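The sequence and structure are shown first.

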Amino acid sequence: MDATPLDPKALRARFRSDLSALAAEVDATRRDEGFREALRTMAAFWRYSPFNRFLVSIQRPGATRVAGRLTWERLGRKVKPGERPISVLAPTRGAFGFVEVPVFDVRQTRGRRLAVLETVPRGRSRHVATLLRAAGRLGVAV
């Protein structure tokens, strides 16, 4: 079995070529309006404290995304008439510490569809396969 020696110049050239192609794909994705809208949507849903998550779960089991009325309106959605708010606690700057704030789950609203960021690679890209192999070698779960 003949093992051909690896040419360092050829490897560097291929690496540069593959990296340039991957960078072009990333740049194209960053410019994609659907991707940008998904990031804006994700930014609208801040993380709740464990206590507030508990409050949401006991008041509205199965709630997935909650936000205040104004946030929903900025996302092109309206709270359905007659929906009861979910109460959470928000910190204040004053001496009171916390104040009760009404939020609503996505299922209590209607309107424009929320953008979703697809995180599962699709299609046939050798770059994705290369990155997955590299992650596996480094012990990184993808």
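How many salt bridges does the structure hold? There are three salt bridges in the structure, a salt bridge being a side-chain nitrogen of Lys or Arg within 4 Å of a carboxyl oxygen of Asp or Glu.

## Basis of the model

The model is predicted, with local features requiring pLDDT of at least 70 and side-chain atom pairs counted only at pLDDT 80 or more, whereas totals for chains, interfaces and linings use all residues. Residues are numbered from 1 along each chain as its sequence is written, and side-chain values use heavy atoms, with hydrogens and water left out.

## Overall fold

The protein chain contains five helices and five strands. Helices (H or I, at least four residues) and strands (E, at least two) are DSSP runs, numbered from the N terminus. Along the sequence, their order in the protein chain is α-α-α-β-α-β-β-β-β-α.

Of the 142 residues in the protein chain, 20% are buried. Buried denotes under 20% relative accessible area, exposed over 50%, and partly exposed in between, with a 1.4 Å probe and protein chains only. Contact denotes heavy atoms within 4.5 Å. Among contacts between residues at least 6 apart in sequence, 66% join residues at least 24 apart.

## Salt bridges

Asp18 and Arg14 form a salt bridge in which the closest N and O atoms are 3.6 Å apart. The two residues are separated by about one helical turn, because they stand four residues apart in helix H1. Asp18 is buried at 19% relative accessibility, whereas Arg14 is exposed at 55%.

A salt bridge also joins the side chains of Glu83 and Arg60, at 3.9 Å from N to O. This pair links distant parts of the chain, 23 residues apart: Glu83 is in the loop between strand S2 (77-79) and strand S3 (86-91), and Arg60 is in the loop between helix H3 (50-59) and strand S1 (66-67). Glu83 is partly exposed at 25% relative accessibility, and Arg60 is partly exposed at 26%.

## Arg107 and its surroundings

The side chains of Arg107 and Asp105 form a salt bridge with an N to O distance of 3.1 Å. Asp105 is buried at 0% relative accessibility, while Arg107 is partly exposed at 44%.

Arg107 is located in the loop between strand S4 (98-105) and strand S5 (109-111). Not counting residues up to four places away in sequence, Arg107 touches Arg60, Pro61, Gly62, Ala63, Thr64 and Lys80. The C-alpha atoms of Arg107 and Arg65 are 8.5 Å apart, with the residues 42 apart in sequence.

## Nonpolar cores

A nonpolar core is a set of buried Ala, Val, Leu, Ile, Met, Phe, Trp, Tyr and Cys residues joined through side-chain atoms within 4.5 Å. The largest one comprises seven residues, namely Ala67, Trp72, Leu75, Val79, Phe104, Val106 and Leu114. Apart from this core lies another, of six residues, among them Tyr48, Val66, Ile86 and Val88. With neighbours within four places in sequence left aside, Val79 is in contact with Arg69, Phe104, Gln108 and Thr109.

## Helix H3

Asn52 lies in helix H3 and is buried, with a relative accessible area of 4%. Beyond residues up to four places away in sequence, Asn52 touches Val88 and Leu89.

Ser57 is also found in helix H3; at 36% relative accessibility, Ser57 is partly exposed. The C-alpha atoms of Ser57 and Ile86 are separated by 9.4 Å, and the two residues are 29 apart along the chain.

## The second largest pocket

On a 1 Å grid over the protein atoms alone, a pocket is an open set of points where a 1.4 Å probe fits, with protein on both sides within 12 Å along at least five of seven lines; lining residues have an atom within 4 Å of a point. The second largest pocket holds about 340 Å³ of space, where grid points are joined across faces, edges and corners and the volume is the space filled by probe spheres set on the points.

Lining this pocket are 13 residues, of which Phe15, Asp18, Leu19, His127 and Thr130 lie nearest its centre. Helix H1 (8-31) and helix H5 (126-138) are the elements that give two or more residues to the lining, and H5 provides the largest share, seven residues. The lining divides into six nonpolar, two polar and five charged residues. Here Ala, Val, Leu, Ile, Met, Phe, Trp, Tyr, Cys and Pro count as nonpolar, Asp, Glu, Lys and Arg as charged, and the others, Gly among them, as polar.
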